[in-house]
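I opened the model today to look up its fold, its surface and its charged pairs. My notes are below.

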Amino acid sequence: SKISDQIKAEASLLQSAKGKKDDPAPPATWEDKFKGQSEAGGTDAVSMLEYILKNTEAEEKAAHDDELSNQHSYEDSMAALKAEEAELQSQLATNRKLLAEK
């Protein structure tokens, strides 16, 4: 029948356990314990986190100091520009008055 032929075709696609090969043995290098940076102190997670925290706090302080300095520069610049604007407005008013009198 048609169904039995389909089942036979699908069964032929399955791997048989008879022909299966064993997995190859791992290379000899996998038997050794990997050391990496363990001798250089790379395994001390607490000291690594403390180092990151110290650097992050230093960067934050530097950024805050830069921001504060830039804010003061901005405020000084705005004060000077407003004084210059007031002086120019005064000169403009004087010049308009002189022009109107002529």
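The entries go from the whole chain to single residues.

**Entry 1: the model.** I am working from a predicted model, not an experimental one.

**Entry 2: overall make-up.** I looked up the secondary structure and found two helices and zero strands. I then checked burial across the 102 residues, and buried residues make up 0% of them. For the accessible surface of the protein I noted about 10300 Å². Carbon and sulfur atoms account for 57% of that surface.

**Entry 3: salt bridge.** How many salt bridges does the count come to? I noted one. The partners are K61 and D65, with their closest N and O atoms 2.9 Å apart. That distance falls within the 4 Å cut-off, so I kept the pair as a salt bridge. In general, side chains of opposite charge can pair when their charged atoms come close.

I next asked where the two residues sit along the chain. Both belong to helix α2, and because they are four residues apart, about one helical turn separates them.

I also looked up the accessibility of each partner. D65 has 35%, so D65 went down as partly exposed.

**Entry 4: nonpolar patch.** Which residues make the nonpolar surface patch? I listed L49, Y51 and I52, with a patch area of about 350 Å². I followed up on I52, which lies in helix α2, residues 45-101. Its relative accessibility is 48%, so I recorded I52 as partly exposed.

Conventions:
Residues are numbered from 1 along each chain as its sequence is written. This is a predicted model: local features need pLDDT of at least 70, side-chain atom pairs count only at pLDDT 80 or more; totals for chains, interfaces and linings use all residues. Side-chain values use heavy atoms; hydrogens and water are left out. Patches are made of residues with over 30% relative accessible area and no salt bridge: like charges are joined within 9 Å, nonpolar side chains (Val, Leu, Ile, Met, Phe, Trp, Tyr) within 5 Å. Accessible areas come from the Shrake-Rupley method with a 1.4 Å probe; for residues, only the protein chains shown count as cover. A salt bridge is a side-chain nitrogen of Lys or Arg within 4 Å of a carboxyl oxygen of Asp or Glu. Buried means under 20% relative accessible area, exposed over 50%, partly exposed in between (1.4 Å probe, protein chains only).
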